[in-house]
Structures are given as C-alpha cells and as structure tokens.
Amino acid sequence: MSREQVVVQQARKAFLTGRSKPLDFRTQQLKNLKRFVTERQKEITDALKRDLKKSENTTLFYELLGLEGEINLALSKLSEWAAPRPVTKNLLTISDEVFIQPEPLGVVLIIGAWNYPIAVTLQPLVGAIAAGNAAVVKPSEVSAHTAKVMELLPLYLDPEMYPVVTGGVPETQELLKQRFDHIFYTGSSTVGRVVMEAAARHLTPVTLELGGKSPCYIDKDCDLKIACRRITWGKYVNCGQTCIAPDYILCEPSIQNKVVEEIKKCIKEFYTEDPKTFRDYGRIINQRHFKRIMALIEDSTVAVGGENDESQCYIAPTVLTDVIPESKVMQEEIFGPVLPIVPVNGVNEAIQFINEREKPLVLYVFSSRKKVIKQMIAETSSGGLLANDCLVHFTISDLPFGGVGNSGIGHYHGKYTFDQLSHLRSCLIKKLNMERVNQVRYPPHSAEKVRWARLLLLKQVNLGRWRQLAHIVMVSALAAFVIQRFLR
C-alpha cells in the first residue's frame, strides 16, 4: 500500500468518525489555520523569497492578506452558511418543512499551484474546513521551499483530517488513483485534463481553476495614462506569473505608440530604471519556464524591455508591438512579464478576435464609454470581466472566482467555496395528516384532479410576503383600535 493510499484512507476514516461536522470543530480548525499563517509568517516569506524572489511585503500583500480575509469571513459567517436554507413552496407543500441542508462531501483533494503557493492552496482549504470536509493538501513541488513550510500544517490542524502530501508528479499521480469526494485543482489546462480524467474514473466532481490568454481591450477614447498604469501593475506583478494577468492588449493602431510610451513610464515608476535590482520585482520560477517564455518572443518586435539573465531566471518587463495572431507568443498563455500588443480596428474586431479563441479566465476592457463596456459584456464570454482595472475582482469574496470552458470549471471564494465543497441536500418533512389534500395525486387520475394539481403545483407561495401582509394587517388593526379607544 502506497503512502498516498494510507494518507487518504486515514483521512476518510477520520471523516467517518463525524468529528468534523460540529461547527465548533470547524471553527477551531479555522482559528488554528489562521494561527499557522501568523506564527509561520517568517518561514512563509523566507520560502517565497527563495522560490520566486518575492519580497516580504509582496508576500504579505498578495498571499497572506487575502487568505486572512477568507478565514475571517468564514469564521464570521459559518453558522449562517451551514444553517438550513428555506425555499419557496407550492400550495401542495405549504404546510411542510422544505429546506436545503448543506452537508460535507467527504474527503477533498486540494492540488495547489506554484505561482501563489500559499494563497491558491490554502484558500480552498478554508472552504473545505468550513464545509466540514476532510482534506488532503498537495502543494506544488515547483515552489519547493514553500511546500516544505506547508508540511508544518499538521502541527496546527487535525493531522488525520488534514494531511499534507509533498512530492512531484509520481506522488500526484498516485493521489489521483485514489477515490475522493471532490478534487480542487489550480494550474494549467493541460494538467487539468489529466485531473478530470482521473476524477471521472470515480465519478468525482472537480473544481478546475485554470487560466488561458486573458485579453485586454483599450478603447481609443479612454484615459490612456490611467489605463496603462493599471495594466502595467496587473501584468508585471509577480513577474507576470498570475493566472488573471492581462495576457495581451487589443487596441487600434493609432494609439499603439502612446500605449507603449505610457507603459514604459509606468515600468520605470514602479520598478526603477533597473528592475533587476529592485526588491519588489521577482523572478521566473525556474529555467524551464524562463526558456519557454524567451522562445515565445523570438519572432516578435520588442518595443520595451527584453533584457534577461538565465542564471537568475530574470526577464525584464517587456512589451511587444505589431503582434499578429500567428506569432508564437499568441499560441499559449504567456505566464511571464511579456505583454504583446495586437492591433485591431475597433471594438467589433476586438470582440471577433476574442470570440474566435478559447473563453478566457478574465476579460479586461478600458473605456470611458458605457456602451463599449456593455457591448463587451453582452457579446463575449469569460470567467470574469473587469472594466477599467485589473485583478481586483479577486479580492471580493462575494464574487465567484472561476473560469468557463477551457479556463476552468466551478468557482470559489467566500460562500462560493463553502457551497462548492458542500452537498446542498434537498429536504422535505411532511406530517402524517391532512391526507385529503393528497387525494389529488392518487389514481385514478381524472380531469378534475388535473385541474386541482395545476392549482396546487404551479401556484408558488411566498410565505415571506404573506407574513409581511399579516404584519401590516395586525399593525393596522392595532392602530385602528388605539385611535378608536383613546383618540376619539
């Protein structure tokens, strides 16, 4: 029996004891997870410095603040999320108890990514714990130092319920052979297909947080200075290794040079004249990805940047101009600090360009015209859409985060993670009386019974509205009594 098989069996055995179902247990585990983040902050920031050359403040800003927010939200809303949820009834069930009861799925496998190895691994874990599941955590082996820190998690969480499995491809493949009740994967579409195929063998549902080429359309009538400032930030944070980074720009040829100049100014402002020595500009994760990115720009015109150092996995913030659809850089997600500009003749051509390709994880549009923004929303499809900014939708827990089609399956953040990792169980509790009402459904079936069934089944009853009306009637009656009794 493999180590991975033992770990999964142990997690399932722990789940079947039922100890993760009480809200008190879940609350304590969430508090312990928060304590891990707080007490191990130094180890986490040091590990990310070694893996991706992230500065301490960059790690706090982009990895830990959002995670802490997710934990705090789950702690404050857990009893509300886990409570039975009433639903609208029909006349046939008006006297019944009808509700949705969220219940744990069982054992969840969480496979993390290397670009934000703390945030994208532990945020799903927050939802898994809150929903009452057991969870096997598999950090990415690519960010090896951070994965090592993750091994400390069982010192804070129930070690049987929330084990951590480290290792590379063989360990992940062995885990995928096991039966889980849900698999949550963050990474590439290529590996996403492998995960989904493995899950299908056990009919296991999946959440696939993938990526793709997220387009960024710049309307010629917008404030280019502000637009390029926000695009520069969104593109080059974490050295471009962000799944929701703008992958390429679509704009009219008449503004291309202005866009380049504004982005160039912002690069200098954000990262100085020499980004290589600037503490808040990171590095490509490893030489394999460095070589992949450099190969993508071979047939394109470099307008800004292009400097690189393979020994340090350094690539300067780079802008490419007059890029054509057939260019190498347009054939796959870049996932690096390279920003191609593809000229298009207006919003209609931009929309056509976007719709001819796989649905992106996010679509960005910069415009001062509401008509353009509404047209983008109406005539395209993507996981998310942001107008006049980048990345910030990820910070809003009330927005479901996820892709569509090739960019992902399912969504998470806040209550959406809780629901994604719960079974929303339909419940109806009927009393053993009022049997005359049920006669309409029993054979023999007559035309009169069909007429009654139409009334009883198709008429929706909004009890909340009836309660409001009853309250108004009672208040009105009380007011009439007071007026009649004391004011006449």
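Is Phe 184 buried or exposed? At 1% relative accessibility, Phe 184 is buried, where buried denotes under 20% relative accessible area, exposed over 50% and partly exposed the range in between (1.4 Å probe, protein chains only). The structure is a predicted model, in which local features need pLDDT of at least 70 and side-chain atom pairs count only at pLDDT 80 or more, while totals for chains, interfaces and linings use all residues. Residues are numbered from 1 along each chain as its sequence is written, and side-chain values use heavy atoms, with hydrogens and water left out.

Twelve aromatic pairs are present in the structure; rings of Phe, Tyr and Trp (its six-membered ring) pair if their centres lie within 6.5 Å, with planes under 30 degrees apart counted as stacked, over 60 as edge-to-face and the rest as tilted. One of these, Phe 61 with Tyr 62, is edge-to-face, at 4.9 Å centre to centre and 65° between the planes. Phe 61 counts as exposed at 52% relative accessibility, and Tyr 62 as partly exposed at 26%. The planes of Phe 184 and Tyr 412 stand at 80° with ring centres 5.0 Å apart, so this pair is likewise edge-to-face. It joins distant parts of the chain, 228 residues apart: Phe 184 belongs to strand S6 (residues 182-186), whereas Tyr 412 lies in the loop between strand S17 (408-409) and helix H14 (415-420). Helices (H or I, at least four residues) and strands (E, at least two) are DSSP runs numbered from the N terminus. Tyr 412 is also buried, at 1% relative accessibility. One aromatic cluster comprises Phe 270, Tyr 271, Phe 278, Tyr 281 and Tyr 314.

Two antiparallel bridges connect S1 with strand S3 (residues 97-104), and Pro 86 is opposite Phe 99 in S3.

A charge sits over a ring if NZ of Lys or CZ of Arg is within 6 Å of the ring centre and within 35 degrees of the ring normal. Arg 357 is placed in this way over the face of Phe 353, at 3.5 Å from the ring centre.

Conventions:
Pairing = 2+ DSSP bridges.
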